[in-house]
Each structure stands twice: as C-alpha cells, then as structure tokens.
There are 2 protein chains.
Amino acid sequence: MGRPPTNTKLRLLETAHELIWRNSYGSVSVDGICEKANVKKGSFYHYFPSKADLAMASIDWWMTNTIPFLDDIFSPSRHPINRFTLLIDFIYEKQEDMRIEFGQVCGCPFITIGSELAAQDEIIGAKISAITQQKMTYYQNALRDMIAMGLIDEKTNVELKAEEIYAFITGNMMLARIKNDLKFMKTSLKPSLMNLIGVELSVEDLKKLTI
Amino acid sequence: MGRPPTNTKLRLLETAHELIWRNSYGSVSVDGICEKANVKKGSFYHYFPSKADLAMASIDWWMTNTIPFLDDIFSPSRHPINRFTLLIDFIYEKQEDMRIEFGQVCGCPFITIGSELAAQDEIIGAKISAITQQKMTYYQNALRDMIAMGLIDEKTNVELKAEEIYAFITGNMMLARIKNDLKFMKTSLKPSLMNLIGVELSVEDLKKLTI
DNA sequence: TCTATATTTGACTAATCAGTCAAATATAGA
DNA sequence: TCTATATTTGACTGATTAGTCAAATATAGA
C-alpha cells in the first residue's frame, strides 16, 4: 500500500558512516551528508530526527554489518590463536583498503566517534561501551578455549586479559590513524598481541597455524 | 615601551585546552572560548590568526607544561620500573582529578584531538605524531636501563616495546574516556603494563619498589 | 481509475559560526 | 606631558549550521 520503500535511508547511513569515519562528527554537516548521498534535506529529516540520531543509527548499522565477520573470525571451529591472527588480518586489510582509497588511515570508527562525543553525549558513550563489551566477549571466549587447550597459563584472568587485548588493539588503531601509518599494524601487531596474550608458540608455529 | 603585556594569551591557551580536552575541537567555538576566558573576540584574533592556530598553540603549551613532569618521572636516577609505575600514578591522578571536577574522564588530550583532526589537518597529525615519538623516547630510555640491569630480556626490541607500551596506555586512556570509568586504570593498568614490558618481579617486589 | 500512504522536494528560518576592522584605551619610556 | 606601541573593544559580515514545513509526487492495492 502506498509508495514503495527506497534505499534512501540506507544511503544516508552509509554516507554518514563513511564521512564521519574519514573525518569527524563535528566536521561533517547534514548538508554535506545529503549532498554526497544525493538526498534532499527534507528527506533527511523524514528519516532521522537529528544529525545525532543519524550518527547513532549509522553506528548500529555498522556494528550489525560487522557481527557476521566477527562470528566467522571467532568461530569456535577455528583454532583460538588463529582467531586472533585472523582478526588482525581483517583489521589491517580494511585499514589498508581505506588508506589506498581515501589516502588516510581511518582507525576504528566506533572509537573515533566515541572519543569525540562520549563527553558530550552519554548515550553515545553507553552505546560504544556496549560495543566494546560485545567485542571483548569474543576475546574472552577465545581465551577460555586457549586455557582449555593449554596454550596459555590456566590462571589467566580472562576478563582482564580481554580488556588488555582490546585496549592494545584500540591504541594501535588510534595511533595508526594519527600517524596515517600502518607499519606497526602490518609487521608488529600480530606478534606483539601474541606476546600480550601470553602464547608461547614460535613464529614458525604461528605461521603454520595461519596458513 | 607601549602598553605592557597581559595574561590574555595565556588565558586563551588554558581555556581552549580545557574546553577542547573536556569536549572536542568541533564542539567548542571561538565565542565559547572567549566567553569562558573573559576575552573579547577582537582580542582573540589579535593573538591568534584562527581557531586552528589556537588549538595548535594550546597543544604546544600543554606539552611544554608536561615535559618537566616527564623529566622528573623518567629521571635516570630512578629505578626504571619505578619510572613506569610513577607514570601510571601520574596519569591516573590527573584523570581522577578531572573526573571529580568535571564529572568526566577526559583521557589523553593529545590523542583525543589528534584522533579528531588528524584526517583533516596533516599539520596537527604531524604535531601529535612528534609528541608521541617524544614520549616513546622516555620509554626507550627506561627500557634500555632495564636491559642493562637484567630486569627484562636483553633481546627486547626497545623501539618496538616502547611503541607497544605507548599504544597500550593510549588505548586504556581512550577506553576510560569513552566508558567514563577509571576502574581498569586504577587497579589493573600497572600490573598489566609490567606484564607487557616483561618484568618478572613479584607483586610484593613491585610494591616495595614504589614506596 | 481511485485512494491511502510513503517519499521527495525546495524554499524557509533562526541561530551560530569563524573571522574583520577601525576606533578606543592603557602605559612605559622619552 | 607626549608619543610610540601593545592591547582591548564592540559592532559588523557573510557563510554555514541544524532543523521546519507545506506542497508535490509516486505507486501499490482496492
């Protein structure tokens, strides 16, 4: 009944996500998003009550898009060490793609917007915190499997270690964005992370595992 | 000769630093800075050619303020492990002070503004990268002393380890800001950092060292 | 073909934005 | 007291901002 739905809302979500990720929330205007998405301003406010609402929705949309990849990477059928090495590969490849396309290492979209807005808008702070927790749950799962397989110290505090891992990866992505440089992420992040986790396999063993 | 200098410029630097740190560059206006600093807009543009220039100058000003503290904390006269534990104490206390005063964990001012603006303004990206490098030099120094004292593996790659440390601390500060929560920083950051560095002292030994 | 409904449009507002400028003011040193 | 110089002021501009709204349009189903 009535006029059929279009992809306008989706175009706004995608465009907002890309522009905010590449630049910042504060530097992107509703007009700018509309122009790039080829949407008139009236349509924008037909779909979203405010710029902040769009940003929020675009975060949800991106996280929803990301979950299947995380489910795959952290599939219980994988060797738990492999889950982490695949995660780093996944992150690096996306960052490298964006660097090539936009000339800019963009870092983590959640953390970037979270850092910018958390102090002004506690709703967004809560949302990004929830995403953080969600990601750490994947890590905790892998860590428990690693303990069960005798790969790491059985006394490892899983919740704590997951938070360390998340902070470490996050810090690296942030620095990569600021420096606009993926060197560390490309060559060192994986072994450094393994060391942080406490895995005692040799580099050769790790290579065999990933292939 | 002529009218004597005032503290107007300093007031602008301080106010800009505080407002941008607590909120974000994009959400703070020149008018807002002027009002809080009790400076008329004409005076603002007498001292700074643009809002971006003020932000840049406030970063320099804050780093200049910070260096004496870092020189003290990383004094070669201190035990190198103590340098890192003091660093964490220093960071935590500042964050806790701000949380109490403003109701908000503010994280690292350099990283916050760097993350927001690096993609739009490569000059600021370069400046924050330089500050990053400067801080890592303190870490490298301490790590070399630790190797000399037999506290960590002599094969430790000092440049790499310093980058790991910086990313780890940075990531933690960022997450503390987003979550508006200092729990991890208060109770876990120090031992986690020691583990990352590869120090093999017991918790008891560490306690003795810090007191 | 008609109608209910969803979508799109473009002109609009009022506030805020960064930045300008000429004039006023204060004061140290001559 | 005079003068050179630095500082301060307040009114100003033009652009951009987020957000509004009534009217126009498109189409699926009756």
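Predicted model: local features only at pLDDT ≥ 70, side-chain atom pairs only at ≥ 80, totals over all residues.
Helices here are DSSP runs of H or I with at least four residues, numbered, like strands (E, at least two), from the N terminus. A residue is near a molecule or strand if its C-beta atom, placed from the backbone, lies within 6 Å of it. Local features need pLDDT of at least 70 and side-chain atom pairs count only at pLDDT 80 or more, whereas totals for chains, interfaces and linings use all residues. Residues are numbered from 1 along each chain as its sequence is written, with chains lettered from A and ligands numbered from 1 in the order in which they are written.

Around DNA strand C there are 23 residues, of which G2(A), G42(A), R3(B), S29(B) and G42(B) come nearest. The largest share of this surface, four residues, comes from α3(A). By class, six residues are nonpolar (Ala, Val, Leu, Ile, Met, Phe, Trp, Tyr, Cys and Pro), seven are charged (Asp, Glu, Lys and Arg) and 10 are polar (the others, Gly among them).

DNA strand D is surrounded by 23 residues. The closest are R3(A), G42(A), G2(B), R3(B) and G42(B). Here α2 (30-37) and α3 of chain A and α3 of chain B each supply at least two residues. α3(B) gives the most, with four residues. The surface near DNA strand D divides into six nonpolar, 10 polar and seven charged residues.

K40(B) sits in the loop between α2 and α3 of chain B. K40(B) is exposed, with 12 other C-beta atoms within 10 Å (exposed, 12 or fewer; buried, 20 or more; partly exposed, in between; C-beta atoms placed from the backbone). The C-alpha atoms of K40(B) and T8(B) are separated by 10.0 Å, although these residues are 32 residues apart along the chain.
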